[in-house]
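I opened this model to see how its parts are arranged. I kept short notes as I went.

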Amino acid sequence: MAVVPSGGRTGLSGGAVAANGELVLSLERMNKALAYDAVDRTLVVQAGMPLEAVHNAALDHGLIYPVDFAARGS
C-alpha cells in the first residue's frame with residue numbers, strides 16, 4: 001500500500017492528497033527535537049516538527065536553520 005506523508009498541510013500543490021486510495025500518515029505528533037551534537041553543531045528533529053519550532057530549537061543552541069517559508073508559524 002502506498003503511503004502519503006502529511007505535514008502541516010500548508011502547501012498549495014496538493015502533495016498530501018490520497019487520490020488513489022493511499023494511506024495518509026499524519027506527522028503531526030512527530031514534533032520534537034531529538035538530539036544536539038555540540039561538536040558537529042547538528043540538530044536532529046522529527047519529521048513533523050513545525051518550521052518555527054525548528055528555528056527556535058536551532059537558536060537555543062546558537063545555530064541558524066536557513067530554510068524559511070511563508071507558512072513558518074503554521
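The entries below go from the whole chain to single residues.

**Ground rules.** I am working with a predicted model, in which local features need pLDDT of at least 70, side-chain atom pairs count only at pLDDT 80 or more, and totals for chains, interfaces and linings use all residues. Residues are numbered from 1 along each chain as its sequence is written, and side-chain values use heavy atoms, with hydrogens and water left out.

**Overall make-up.** I looked up the secondary structure and found 1 helix and 4 strands. Here helices (H or I, at least four residues) and strands (E, at least two) are DSSP runs, numbered from the N terminus. From the N terminus on, the order of elements is β-β-β-β-α.

I then checked burial, where buried means under 20% relative accessible area, exposed over 50%, and partly exposed in between (1.4 Å probe, protein chains only). Of the 74 residues in the protein, 18% are buried. The protein exposes about 5,500 Å², and carbon and sulfur atoms supply 56% of that area. Accessible areas come from the Shrake-Rupley method with a 1.4 Å probe; for residues, only the protein chains shown count as cover.

For contacts I used heavy atoms within 4.5 Å. Among the contacts with a separation of 6 or more, residues 24 or more positions apart account for 6%.

**Helix 1.** Which residues of helix 1 are buried? In this helix, residues 51-60, I found L51, V54, H55, A57 and A58 buried. They lie on the same side of helix 1, because they cover an arc of only 165° around the axis. The arc is that of the directions from the helix axis to the C-beta atoms. As a reminder to myself, an α-helix has 3.6 residues a turn, so residues three or four places apart point the same way.

The cover over the buried residues of helix 1 includes strand 4 (42-45). On the face turned away from the buried side I noted the exposed residues L59 and D60. Just after the helix, G62 has a positive phi of about 75°.

**H55 and Y65.** H55 sits in helix 1 and has a relative accessible area of 13%, so it counts as buried. Y65 belongs to the segment after helix 1, and its relative accessibility of 34% makes it partly exposed. What does Y65 contact, leaving aside its neighbours within four places in sequence? I found L51, V54, H55 and A58. Between Y65 and H55 the C-alpha distance is 5.7 Å, at 10 residues apart in sequence. I also looked up H55 and D68, which are 13 residues apart in sequence and 8.9 Å apart in space, C-alpha to C-alpha.

**The loop between strand 3 and strand 4.** Two residues here went into my notes. A38 lies in this loop, between strand 3 and strand 4, and counts as exposed at 53% relative accessibility. Its C-alpha atom is 9.9 Å from that of G62, 24 residues away along the chain.

R41 lies in the loop between strand 3 (33-37) and strand 4 too. R41 is partly exposed, with a relative accessible area of 47%. Most residues other than glycine have a negative phi.

**E22 and L23.** Where does E22 lie? I placed E22 in the loop between strand 1 (3-6) and strand 2 (23-26). Its side chain reaches the backbone nitrogen of N20 at 2.9 Å. Not counting residues up to four places away in sequence, E22 touches A2, V4 and V17.

L23 is in strand 2 and is partly exposed, at a relative accessible area of 43%. M1, V3, L23 and L25 make a nonpolar surface patch of about 440 Å². Like charges are joined within 9 Å, and nonpolar side chains (Val, Leu, Ile, Met, Phe, Trp, Tyr) within 5 Å.

Conventions
A polar contact is a pair of N or O atoms within 3.5 Å; within protein, one must be able to donate a hydrogen and the other to accept it, and residues adjacent in sequence count only if both atoms are side-chain atoms. Patches are made of residues with over 30% relative accessible area and no salt bridge: like charges are joined within 9 Å, nonpolar side chains (Val, Leu, Ile, Met, Phe, Trp, Tyr) within 5 Å. A salt bridge is a side-chain nitrogen of Lys or Arg within 4 Å of a carboxyl oxygen of Asp or Glu.
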